[in-house]
Amino acid sequence: MLIISLFLSQAFFASNAIAQSRLPDIPPDIPYVLVDAATNEVLAQNRLHERWHPASLTKLMTAYVTFRAIEFGEITAGSPVTMTSAATKAPPSKMGYKKGTQLRFDMALRILIVKSANDVAVALAESLAGNVEAFVTRMNLEAKRLGLENTQFTNANGLHSKSQYVSARDMVILSSAIWNEFPQYRSIFETPTIQTSKRKYTSYNLLLERFDGTTGMKTGFVCASGYNIVASVERGGRRLVAVILGANSQTERAEVAARLFLKGFS
């Protein structure tokens with residue numbers, strides 16, 4: 001279990017390629033946190049423990065459960081993920097695969113993170129656990145084991161449910177578990193695009209390829225949650241993690257994250 005100690009940094013923001021005039025001096029009054037990944041020191045935070053709708057940040061736990069299943073030999077990276085009838089009915093964002101289409105688990109995970117495909121999340125959950133309900137039980141057991149105090153999952157893809165919630169603090173812990181326990185999968189979270197036979201899909205994480213040192217991890221949006229992000233940036237051998245929940249736009253969540261990272265690295 002990750003123990004996070006709370007400290008506040010007084011450092012001001014340094015200059016960066018993103019113009020300072022575009023970044024607000026004070027982030028909006030939404031839940032956020034910035035943490036030094038090596039020391040677990042909290043450098044900045046607001047409404048740290050508040051419960052919030054995760055949207056597709058849920059897929060971080062979907063990935064974590066799958067990584068553990070591979071680690072313990074329940075499946076392999078090459079085991080099949082089969083698109084079921086239930087999976088094909090998932091609303092967008094989705095890949096639109098036909099019923100019976102099969103993917104490898106490692107490819108399904110990459111699509112899950114980069115494209116944030118809801119249909120692939122359902123298919124992955126059913127292929128691993130037999131049905132979504134059983135998979136969600138695993139998600140909540142892992143949340144409890146990791147010490148996520150304000151987190152509860154009801155589905156594997158992040159589609160809105162009043163009973164599904166996370167906190168900024170809990171998302172830092174989950175992202176740290178993924179990063180530290182499964183370094184072999186880090187490249188999935190920093191992948192900016194994926195190419196299928198029909199088209200190219202680009203990550204919704206605007207920091208990738210735009211903000212120096214960005215190494216992932218996941219974004220999310222539904223109307224009830226606003227624009228969420230868990231982001232990781234490494235510079236000079238130091239890695240910081242930021243979580244922003246409830247931004248007003250895709251651009252705002254990236255700019256708030258950038259502002260926090262500039263503060264942390266300075």
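This briefing looks at the cavities in this structure and at one of its helices.

The model is predicted, so local features need pLDDT of at least 70 and side-chain atom pairs count only at pLDDT 80 or more, while totals for chains, interfaces and linings use all residues. Residues are numbered from 1 along each chain as its sequence is written, and side-chain values use heavy atoms, with hydrogens and water left out.

**The cavities**

- Rolling a probe the size of a water molecule over the atoms shows where empty space is left.
- A cavity here is a set of points, on a 1 Å grid over the protein atoms alone, where a 1.4 Å probe fits but cannot get out, and its lining residues have an atom within 4 Å of a point.
- The count comes to 2 cavities of 30 Å³ or more, with volume taken as the space filled by probe spheres set on the points, which are joined across faces, edges and corners.
- The largest cavity holds about 60 Å³, and its lining includes Ile113, Val114, Phe189, Tyr204 and Met217.
- Helix 3 (105-114) and strand 8 (214-222) are the elements that give two or more residues to that lining; helices (H or I, at least four residues) and strands (E, at least two) are DSSP runs, numbered from the N terminus.
- Strand 8 gives the most to the lining of the largest cavity, with 3 residues.
- The lining of the largest cavity has 6 nonpolar, 4 polar and 1 charged residues; Ala, Val, Leu, Ile, Met, Phe, Trp, Tyr, Cys and Pro count as nonpolar, Asp, Glu, Lys and Arg as charged, and the others, Gly among them, as polar.
- The second largest cavity holds about 30 Å³, and among its lining residues are His53, Pro54, His160 and Val222.
- By class, the second largest cavity is lined by 4 nonpolar, 5 polar and no charged residues.

- Helix 3 is largely enclosed by the rest of the structure because 7 of its 10 residues are buried (under 20% relative accessible area, with a 1.4 Å probe and protein chains only).
- Ile113 and Val114 are among those buried residues, and both also line the largest cavity.
- Just after helix 3, serine 116 takes a positive phi of about 60°.
- Helix 3 packs with helix 4 (residues 118-129) at an angle of about 145°, their axes 9 Å apart; axes are lines fitted to C-alpha atoms over the stretch in contact, and angles run from 0 to 180 degrees between N-to-C directions.
- Phe105, Ala108, Leu109, Ile111 and Leu112 in helix 3 meet Val120, Ala121, Leu124, Ser127 and Leu128 in helix 4, contact meaning heavy atoms within 4.5 Å.
- That contact has 9 nonpolar, 1 polar and no charged residues.

Note on methods
1 Å grid on protein atoms, 1.4 Å probe; cavity = no way out; pocket = protein on both sides within 12 Å on 5 of 7 lines; lining within 4 Å. Buried < 20%, exposed > 50% of the residue type's maximum accessible area, 1.4 Å probe, protein only.
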